[in-house]
Amino acid sequence: MVAAVTRATQTLLLAITGAVLIRMASGDAYLRYVNSWMRWPLIACGALLVLLALVDVWRQDDGEEHDSHVPRAAWLLFVPSLVFFLIAPPALGAHFAERAQTAPVALEPADEVFLPELPDTDPVPVLLDDLIIRAAYDGGATLADRRLTFSGFVSRGGSDRWFVTRFGINCCAADATVMRVAATGVEPPADDQWVRVVARHVPGSGDGGTSEPEVVVEELELIEPPRNQYR
Amino acid sequence: MSSSTSQETHAPPDARPSGRPSLQVFLVFGVLAVLVASQQWLVPRLDDPALATWSTIFVAIVVQSVPFLVGGVLLAGAIATLLSERALRRLVPDNAALGVPVAGLAGVALPGCECASVPVASSLMRRGVAPSVALTFLLAAPAVNPVVLVSTAVAFPGRPEIVLARFLASLVTAVAVGWLWLRFAGRVPILHRRGTHDHDAGTARAFLSSVRHDFIHAAGFLVLGAMIAAAVNTFVPREVIDSLAGNALLAVLTLATFAFVVALCSEADAFVAASLTAFSDTAKLVFMVVGPAMDVKLASMESGQFGGAFALRFVPLVLAVAVLSACGMGWWLL
């Protein structure tokens with residue numbers, strides 16, 4: 001049996017939770033868990049919790065003890081703060097990518113889709129999700145004979161294939177879907193390593209959005225993870 | 001955790017003179033200080049890919065939900081302390097049977113996350129709104145609001161019938177549960193946490209007190225639900241779920257269970273539903289109708305807020321009605 005949470009401990013709970021939210025949102029840490037627009041709601045919410053704790057401290061002498069009984073589950077509110085400090089959860093990586101399912105391409109009827117030509121630079125920078133969509137239509141006609149450059153982290157599949165990978169999130173990391181491109185031509189770096197590659201699309205691979213597009217890598221550069229690792 | 005203080009009973013804790021914090025808070029503070037101080041030593045020892053994935057998803061669910069929960073307790077506080085009797089009576093019809101569909105439609109106008117609506121529903125009940133009406137609102141608000149419908153339309157491009165089916169199935173679920181509750185469950189005990197405000201205290205004071213109380217009350221259960229949901233997300237591979245897609249009945253039950261245990265935000269679940277390509281449209285619809293109405297996080301919060309006897313009846317009822325309503329709508333529209 002655990003002890004009931006006393007009023008003073010509740011105040012500590014509010015202050016710590018509020019402080020952790022503010023700490024998370026004032027740096028880049030919150031981007032590992034939620035969308036970028038969550039920054040100001042998180043700061044406002046953290047500030048409110050700290051304010052509630054301060055009001056408690058200020059009113060110490062009012063003797064409000066009679067209404068301080070809360071369920072023992074309130075102890076659990078310490079867990080997220082402790083996990084944040086002690087495990088410092090990283091952005092989702094190769095471990096989850098190997099378990100998650102590939103996000104399917106939401107295919108619209110081909111005649112309603114207009115894919116603009118890629119800009120005329122060489123190699124041409126593309127986003128991983130853009131590449132996957134372009135590969136899904138017309139056998140990747142807009143990618144033909146182009147040197148493409150894009151980035152992502154390294155993950156592996158069932159066989160000896162390796163992937164340039166990114167996660168897309170809509171609300172938070174719990175709904176992450178994986179976007180990946182199978183790479184050949186070079187030895188794969190370690191899992192979770194961020195890379196930028198220059199590569200050519202293998203014609204026909206990834207057509208219809210049912211499987212991952214394949215690319216033949218010509219150049220590979222190890223890079224630092226971007227500020228926001230999700231798309 | 002610490003059990004060094006003597007409050008094992010349900011007596012009001014801490015009868016000591018006011019103004020002196022109990023021993024407990026110093027102990028907790030000490031433990032936290034030691035843990036944070038030993039962070040450098042602990043972090044490398046907790047370095048495991050599965051644990052890291054679990055903790056990322058767990059923290060993500062909590063961080064995503066807390067601002068919505070705070071929004072909910074603020075609204076609940078406003079209902080508890082600022083809304084006058086007269087205004088409340090004008091907003092909610094006297095007749096509960098009529099109030100149920102009104103509450104269902106009111107959900108369209110109030111975009112909110114499911115965690116926000118639990119304290120709001122509790123606050124409505126404390127102010128004398130019929131439980132069936134408040135529960136209908138609880139089910140409708142996260143499920144049929146414009147934000148959810150727009151995100152569903154984005155996740156299923158060129159399929160407006162899915163958006164319509166989702167809207168109707170969720171609304172039918174909320175209203176049907178409200179009416180069933182009114183008819184059959186009038187005497188099921190619902191724990192009413194005592195309103196925290198002292199009647200002689202000022203409004204601002206009562207408001208802050210209500211917000212504080214409601215937040216601490218609900219947050220622990222939210223964390224519990226997030227821990228379970230993150231574990232399912234991390235340790236159950238998608239292939240296991242996909243392998244059950246072949247049989248129509250099994251597919252529906254699988255996705256209903258999946259929606260219950262992964263506890264996604266209603267604004268995001270359409271994208272996950274769209275990624276479950278192995279399943280039929282009806283099964284995907286079940287996923288999107290069950291999720292906002294009932295999941296492990298909500299069940300945990302509701303049993304904390306309204307009591308175990310309530311949750312034991314309400315949770316299965318909502319699950320059954322949501323699955324039936326989604327299947328019916330899927331058969332009719334998809």
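Two residues are in contact if their C-beta atoms, placed from the backbone, lie within 7 Å. Keep in mind that this is a predicted model.

**Exercise 1. The two chains together**

Find how many residues of chain A and of chain B are in contact with each other, and describe the side that chain A contributes.

Solution. Start with the count: 67 residues of chain A are in contact with 69 residues of chain B. Next, look for the helices on that side of chain A: α1 (7-26), α2 (39-58), α3 (78-86) and α4 (94-97) each supply at least two residues. The most comes from α1(A), which gives eight residues. Finally, sort this side of chain A by residue type, and you get 47 nonpolar, twelve polar and eight charged residues. For the complex, the predictor reports an ipTM of 0.91 and a pTM of 0.84.

**Exercise 2. Reading chain A**

Work out the pattern of helices and strands along chain A.

Solution. Begin with the tally, which is five helices and six strands. Then walk along the sequence of chain A to read α-α-α-α-β-α-β-β-β-β-β. Now turn to burial: 44% of the 231 residues of chain A count as buried. Last, take the contacts in chain A between residues at least 6 apart in sequence; 71% of them join residues at least 24 apart.

**Exercise 3. The largest nonpolar core**

Identify the residues that touch the most other members of the largest nonpolar core.

Solution. This core has 182 residues, and those touching the most other members are B:Ile61, B:Val63, B:Leu69, B:Leu255, B:Val286 and B:Val290. Helix α3 of chain B (residues 49-81) provides the largest share, 18 residues. Chain A takes part too, with at least three residues from each of its domain 1 (7-89) and domain 2 (95-222). Now zoom in on B:Val290: beyond its neighbours within four places in sequence, its contacts are B:Ala256, B:Ala259, B:Phe260, B:Leu319, B:Ala322 and B:Val323.

**Exercise 4. Following helix α16 of chain B**

Describe the span of helix α16 of chain B and what its buried residues pack against.

Solution. Helix α16 of chain B covers residues 308-333, which is 26 residues. From first C-alpha to last, this helix reaches 37 Å, close to the expected 38 Å. Its buried residues include B:Phe314, B:Leu319, B:Ala322, B:Cys327 and B:Gly330. The buried residues of α16(B) pack against α7 (131-140), α9 (160-184), α12 (248-262), α14 (281-293) and α15 (296-306) of chain B.

**Exercise 5. Buried or partly exposed?**

Decide whether B:His217 and B:Ala320 are buried or partly exposed.

Solution. A residue needs 20 or more other C-beta atoms within 10 Å to be buried. B:His217 is buried because it has 22 C-beta neighbours inside 10 Å. B:His217 sits in helix α10 of chain B (residues 203-235), and its C-alpha atom is 9.2 Å from that of B:Pro119, 98 residues away along the chain. B:Ala320, in helix α16 of chain B, has 15 other C-beta atoms within 10 Å, so B:Ala320 is partly exposed. The C-alpha atoms of B:Ala320 and B:Val177 are 9.7 Å apart, though 143 residues separate the two in sequence.

**Exercise 6. Confidence in chain B**

Find where pLDDT stays under 50 in chain B.

Solution. Chain B averages a pLDDT of 83, and 90% of the residues score at least 70. The stretch with pLDDT under 50 is residues 1-19 of chain B.

Note on methods:
Residues numbered from 1 in each chain as written. Chains lettered and ligands numbered in written order. Predicted model: local features only at pLDDT ≥ 70, side-chain atom pairs only at ≥ 80, totals over all residues. Core = buried A, V, L, I, M, F, W, Y, C linked by C-beta atoms within 7 Å. Buried ≥ 20, exposed ≤ 12 C-beta atoms within 10 Å, placed from the backbone. Helix = DSSP H or I, 4+ residues; strand = E, 2+ residues; numbered from the N terminus. Domains from an automatic or database assignment. Expected span 1.5 Å × (residues − 1). pLDDT = per-residue confidence, 0-100. Nonpolar A, V, L, I, M, F, W, Y, C, P; charged D, E, K, R; others polar.
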